Amino acid sequence: MSSLARPFLDVRSSDEMMEQYDILIVGAGHGGAQAAAALRKAKFTGSIALLGDEPDFPYERPPLSKEYLSGDKPLDRLLIHPPAFWAKSEVAMLLGRRVTKVEPHEHRVSCADGTVIGYAHLIWATGGSPRRLVCSGHDLVGVHTVRTRADADRMRAELASTTRAVVIGGGYIGLEAAAVLAKAGKHVTVLEALDRVLARVAGEPLSRFYEAEHRAHGVDIRLGVAVECLEERSGRVCGVRLVGGEVLACDIAVVGIGIVPAVEPLLVAGARGGNGVEVDARCHTSLPDIFAIGDCALHVSAYADDAMIRLESVQNATDQAAVVAKVLTGTSAVYDSMPWFWSNQYDLKLQTIGLSIGYDDLVVRGRPAERSFSIVYLKGRKVVALDCVNATRDFVQGKRLVTERIIADRSMLADTTIPLKEMKNAPSSYHV
């Protein structure tokens, strides 16, 4: 066993009144839970604490806007591990606590409830909080976000009395919520400030496909619109006023306009960052003995031309957690995983591999009208990403095209009779 797998307590304060752990993990979502589990799997024998600001044991968050919101999947089926797993793994569960201050040189954190916790190594896995509207009425009763189980529960409690819903934001969270609400028989309107949904993450063919699908399910998609304010009746939202004066009546409003990374205590403590906290290839921040993983971690990505990015995905959180666990138990590791994502809407399963950031060409593989197709993104003639709708085989086989930056013939990419696994680099005379 590596020497790093032994307890670290000798490097910290000897204050007997302070809770102290060899490894303190702040954030009990996917990243934090996987980091704790990976450390035990790597035979780390020191003390571990998992601190989260929610009262629940770690659970999967993607289903909140889909199966959980619809009632198809209860909370016990969302748990990443049952409570007994954490007890058997000897991971202290510090639930319902929120860290407000980090003192890196003293190796301790302070919580909102007044407790102080010492650590030898800190893993910051806090994710982020939903970005809020800033217009008047943003805090009315009936205005919802979907980031936590409590958020989804509040919305579910109001669905029985809801006839009309307005979803603000045409990204994945907004569209997933819209699909659930439409399937529940609600009249749904989606508002998107840009000229198409998913504009920040996908090409126009995918955007137009999902706009058509939602409209076919009765959803009113409004593009290029801006919200002026939310109107109220007796303290509750009753309408969304658009710039220009039109008011859309509603019983609830769902806001899905992104997240704000929860890194303020680290930035105040001196960590480099801004829209997230910067980490190196080992997920180490600029602060001593502090790592960061998941949605809040700004890292260099080879899949984004070595730009610093944040990835809001389960894959990213899980793989970064594995890297930190290896580093802390003496195994050399760097984070270089292929990004992948998914979204379920109606009977459509979208799977994405790679990052389409900065693409300069795309190929539609298959027929969107048949509701099973892929979009292959190219940059400098090389395959950089795929969006696969009900096309799992393309998703699986497309990974190699992205990792090897294959220069594929466009006509071959478009030909669904040719499996992607057979694609090879096109001749040097190939032209886009």
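Start by selecting strand S10, residues 187-192. S10 is mostly covered: five of its six residues are buried. Buried means under 20% relative accessible area, exposed means over 50%, and partly exposed lies in between (1.4 Å probe, protein chains only). Strands (E, at least two residues) and helices (H or I, at least four) are DSSP runs, numbered from the N terminus.

Before going on, note that this is a predicted model: local features need pLDDT of at least 70, side-chain atom pairs count only at pLDDT 80 or more, and totals for chains, interfaces and linings use all residues. Residues are numbered from 1 along each chain as its sequence is written, and side-chain values use heavy atoms, with hydrogens and water left out.

**Stop 1: the partner of S10**

S9 and S10 pair in the parallel sense over five bridges. Two strands pair if DSSP finds at least two bridges between them. Strands of a sheet pair through backbone hydrogen bonds, either parallel or antiparallel. Now pick Arg164.

**Stop 2: a salt bridge from Glu192**

Select Glu192 and Arg200. Their side chains meet in a salt bridge, 3.8 Å from N to O. A salt bridge is a side-chain nitrogen of Lys or Arg within 4 Å of a carboxyl oxygen of Asp or Glu. Side chains of opposite charge can pair when their charged atoms come close. Which of the two ends is buried, and which is exposed? Glu192 counts as buried, at 6% relative accessibility. Arg200 counts as exposed, at 67%.

**Stop 3**

A search of the whole structure finds 24 salt bridges. Go to helix H4, residues 149-159, and show Asp151 and Arg154. Both lie in H4, three residues apart, about one turn of the helix. Arg154 forms a salt bridge with Asp151, and the closest N and O atoms are 2.6 Å apart. Asp151 is buried, with a relative accessible area of 8%. Arg154 is partly exposed, at 46%.

Next, show Asp56, Arg149 and Asp153. These three are linked in a network of salt bridges.

Then jump to Arg367 and Glu370. They form a salt bridge too, with the closest N and O atoms 3.3 Å apart. Glu370 is exposed, with a relative accessible area of 55%.

**Stop 4: the rings**

Five aromatic pairs turn up in a search of the whole structure. One of them joins Phe209 and Tyr210, which sit edge-to-face: 5.3 Å centre to centre, with 85° between the planes. Rings of Phe, Tyr and Trp (its six-membered ring) pair if their centres lie within 6.5 Å; planes under 30 degrees apart count as stacked, over 60 as edge-to-face and the rest as tilted. Phe209 and Tyr210 are both buried. Phe209, Tyr210 and Phe373 form one aromatic cluster.

Now look at Tyr68. Arg156 lies over the face of the Tyr68 ring, 4.6 Å from the ring centre. A charge sits over a ring if NZ of Lys or CZ of Arg is within 6 Å of the ring centre and within 35 degrees of the ring normal.

**Stop 5: a four-strand sheet**

Select S17, S18, S20 and S21. They make an open sheet in the order S17-S18-S20-S21, with mixed pairing. The edge strands are S17 (273-274) and S21 (307-309), and each pairs on one side only. S18 (residues 276-278) and S20 (residues 297-301) pair in the parallel sense over two bridges. Click Val277: its bridge partner in S20 is Ala297.

**Stop 6: Arg310**

Step to Arg310, in the loop between S21 and helix H8 (314-328). Arg310 counts as buried, at 17% relative accessibility. Which backbone oxygens does the Arg310 side chain reach? One belongs to Asn275, at 3.1 Å. Another belongs to Asp295, at 2.7 Å. Both are polar contacts: N or O atoms within 3.5 Å, where, within protein, one must be able to donate a hydrogen and the other to accept it, and residues adjacent in sequence count only if both atoms are side-chain atoms. Not counting residues up to four places away in sequence, Arg310 touches residues including Ile259, Pro261 and Leu298. Contact means heavy atoms within 4.5 Å.

**Last stop: two positive phi angles**

Most residues other than glycine have a negative phi. Asp306 has a positive phi of about 65° although it is not a glycine. Find Asp306 in the loop between S20 and S21. Asp306 is exposed, with a relative accessible area of 53%. His107 also has a positive phi, of about 55°. Find His107 in the loop between strand S4 (99-103) and strand S5 (108-111). His107 is buried, at 11%.
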